[in-house]
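Welcome to this short tour. Open your viewer, keep the selection tool at hand, and follow along stop by stop.

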Amino acid sequence: LASSENKVGNMLASLARHEEALKPYRSALMARQQVLALTPDLSRPKRDVVVSLINLAAARTTLEQYADALELYRQALPLQLSLQATTANADWDADLANTYNRIGELSNLLKQPASEVMASHVAARTLLSALLASADKADTATITARQRDLVMTQQFIGDLHRKQNQYTDALASYQAALAIARKLIEQDASVNLWQHDLANTWSRMAELQKLHEGRASYQVSNE
């Protein structure tokens with residue numbers, strides 16, 4: 001039943017009918033939580049609940065229900081950390097990194113403390129870097145997907161440093177994003193998303209430089 005409800009939710013979400021998708025996603029979550037309550041030490045029931053929580057969170061994010069989405073991601077996080085501690089699964093670890101990034105993004109939108117936002121993105125960066133370091137070099141599809149995730153994560157971190165006037169740290173994050181984006185383009189320059197990431201990173205760096213020069217000029221004029 002839970003699997004069927006989840007599939008219905010996925011189908012509705014794929015059709016951009018996110019409000020309608022909430023009901024089957026909630027039904028799937030409730031059923032899976034009941035199973036987890038009976039078998040709390042098994043990995044599969046935990047993973048199933050995580051999937052339902054993330055599906056619901058993604059739908060609520062699309063509907064701009066940010067506080068509800070953040071709470072759902074926060075509910076998923078301890079289950080994902082428990083799975084990480086007991087089960088070696090790179091795909092699940094990648095999902096954990098994604099949860100950290102979504103928590104960071106939503107926390108930022110909801111004006112949560114900058115230290116909490118930064119901690120989430122840094123945790124995602126650490127996970128993604130470790131996954132890339134240990135990845136099977138022949139699995140290029142997985143590697144490029146995680147490289148792209150890392151580009152976005154470094155951009156998030158750079159943006160946070162920029163907001164806090166931490167020029168050196170912001171520049172280092174943007175440069176790291178730029179280096180990965182260039183690697184992706186070298187592999188296949190026809191991927192528009194990667195071209196967008198590269199241009200977006202250059203734009204962030206240019207804006208950072210402009211802000212830095214403006215502050216420097218202001219300081220000189222007031223000396």
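Begin by selecting helices H6 and H7, which are roughly antiparallel to each other because their angle falls in the class over 145 degrees. H6 covers residues 114-133 and H7 covers residues 140-163; they pack at an angle of about 150°, with their axes 9 Å apart. Those axes are lines fitted to C-alpha atoms over the stretch in contact, and angles run from 0 to 180 degrees between N-to-C directions. Helices here are DSSP runs (H or I, at least four residues) and strands are E runs of at least two, numbered from the N terminus.

Before moving on, a word on what you are viewing: this is a predicted model, in which local features need pLDDT of at least 70, side-chain atom pairs count only at pLDDT 80 or more, and totals for chains, interfaces and linings use all residues. Residues are numbered from 1 along each chain as its sequence is written, and side-chain values use heavy atoms, with hydrogens and water left out.

On the H6 side, the contact (heavy atoms within 4.5 Å) includes Val117, Met118, His121 and Leu128. Facing them from H7 are, among others, Ile143, Leu150, Phe156 and His161. Colour this contact by class and you will find twelve nonpolar, six polar and three charged residues. In this scheme Ala, Val, Leu, Ile, Met, Phe, Trp, Tyr, Cys and Pro are nonpolar, Asp, Glu, Lys and Arg are charged, and the others, Gly among them, are polar.

Stay on H7 and select His161. Is His161 buried or exposed? His161 is buried, with a relative accessible area of 13%; buried means under 20%, exposed over 50% and partly exposed in between, using a 1.4 Å probe and protein chains only. Leaving aside neighbours within four places in sequence, His161 touches Met118, Gln166, Asp169, Ala170 and Ser173. For a distance check, pick Ser82: its C-alpha atom lies 30 Å from that of His161, and the two are 79 residues apart along the chain.

Next, jump to helix H3 (residues 43-62) and pick Asn55. Asn55 counts as buried too, at 16% relative accessibility. Beyond its neighbours within four places in sequence, Asn55 is in contact with Asn6, Asn10 and Tyr25.

Finally, zoom out to the whole chain. How many helices and strands are there? The chain has nine helices and zero strands. Its C-alpha atoms fill a box of roughly 70 × 40 × 35 Å along the principal axes, and 41% of the 223 residues count as buried.

Conventions: Angles under 35 degrees count as roughly parallel, over 145 as roughly antiparallel, 65 to 115 as roughly perpendicular and the rest as oblique.
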